[in-house]
Amino acid sequence: MAGRRAALVAAAVALLLAGCTSGPDDESDTKGEPGGTPTASPSPSASTTPVSGPYTLAEDRAPKTRAEAVTFVRDLDVRPDYFGGGFRRREPYESDPARWAVLGQDCQWRREALPDTVLASLTRAFELPERDGKGPVHVSVTVTVHRDIVSARRDMAGALESAMRCPEQRLNATDRVRGLYSQIDAYGDARSAISEDDLTESGEWLAEGGKAHPFDWYKFRVGPVTVAATARHGAGRSEDEDSAITSDLAKGVSFVASDVDRQGRTGKTGETGGTGATGEPTATEGAEQ
């Protein structure tokens, strides 16, 4: 099953990244998905990156302080329907942006204080509720602002290493993932058309006492910012339905990456007045990737 899941994830991302950049005048951009067929999914900002380059954020336009970085991540409009129809916010919704998830030597994820190389890291939680005998799907999205591009690239490399070091990992007190397969690609390696680096990971997740279900993890680097998302699939879905969740998760990450790019281009990378102006955290316990 793990091999099959890895192939599905790779195929979904390859198709997505091959066709997710279109110019602002592309007719398909008005139909819900950039460069694709009409869907109910939202489209990224009108300032879509041209096909000549990936989404990015120049260091001179990135947040310089932790206060600016908290404002930046909170001002990103991460919508539930980025990940498919029927998704909604899950409570608790936001994590403390002064902490992030770290995989320990014991292969257990824990939330710890940010290192000096990271300015802010905000995780938001969404869910597709249980319906018609199909279990809920849990999605978490994490946007992390690093001090510079070098730090962000090191974080991407560390994420790949973690799957090799810990093929089985504890997400929290009750959930674990196993059989992880990872692949990372840089822009220009004939695959990534969205970000400057991208990581795809697949495997199985198990709640305590439950059966194994699909698990997906995507991580994109946009300049000094990384955008990561995980999906824990619920029970009762066909292979095609699980594949659609996998594909929609990758699309959702691309929409967030587009907004990071847009904020960089418009210069709104640390201004006060948005939803993050106060910088006060809303705690979310539990360490998810």
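This is a predicted model: local features need pLDDT of at least 70, side-chain atom pairs count only at pLDDT 80 or more; totals for chains, interfaces and linings use all residues.

Residues are numbered from 1 along each chain as its sequence is written, and side-chain values use heavy atoms, with hydrogens and water left out.

**The whole chain**

Helices (H or I, at least four residues) and strands (E, at least two) are DSSP runs, numbered from the N terminus. Of the 289 residues, 55% are buried, that is, under 20% relative accessible area with a 1.4 Å probe, protein chains only; exposed means over 50%, and partly exposed lies in between.

**The largest pocket**

Next, select Trp100, Ala101, Trp109, Asp155 and Lys219, the closest to the centre of the largest pocket among its 22 lining residues. The pocket holds about 400 Å³ of space. On a 1 Å grid over the protein atoms alone, a pocket is an open set of points where a 1.4 Å probe fits, with protein on both sides within 12 Å along at least five of seven lines; lining residues have an atom within 4 Å of a point. The volume is the space filled by probe spheres set on the points, which are joined across faces, edges and corners. Now select helix H3 (149-165); H3 gives the most to this lining, with six residues.

**The second largest pocket**

Move to Gly85, Leu128, Lys134, Arg237 and Ile245, which lie nearest the centre of the second largest pocket. Its volume is about 280 Å³. Helix H4 (residues 239-266) supplies the largest share of the lining, four residues.

**Salt bridges**

Select Arg74 and Glu94, whose side chains meet in a salt bridge (3.1 Å, N to O). Arg74 belongs to helix H2 (residues 66-75) and Glu94 to strand S1 (residues 88-94), so the pair ties together parts that are 20 residues apart in sequence. A salt bridge is a side-chain nitrogen of Lys or Arg within 4 Å of a carboxyl oxygen of Asp or Glu. Both Arg74 and Glu94 are buried.

Finally, return to H4 and select Asp259 and Arg262, three residues apart. Their closest N and O atoms are 2.4 Å apart. Asp259 is buried at 7% relative accessibility, whereas Arg262 is partly exposed at 22%.
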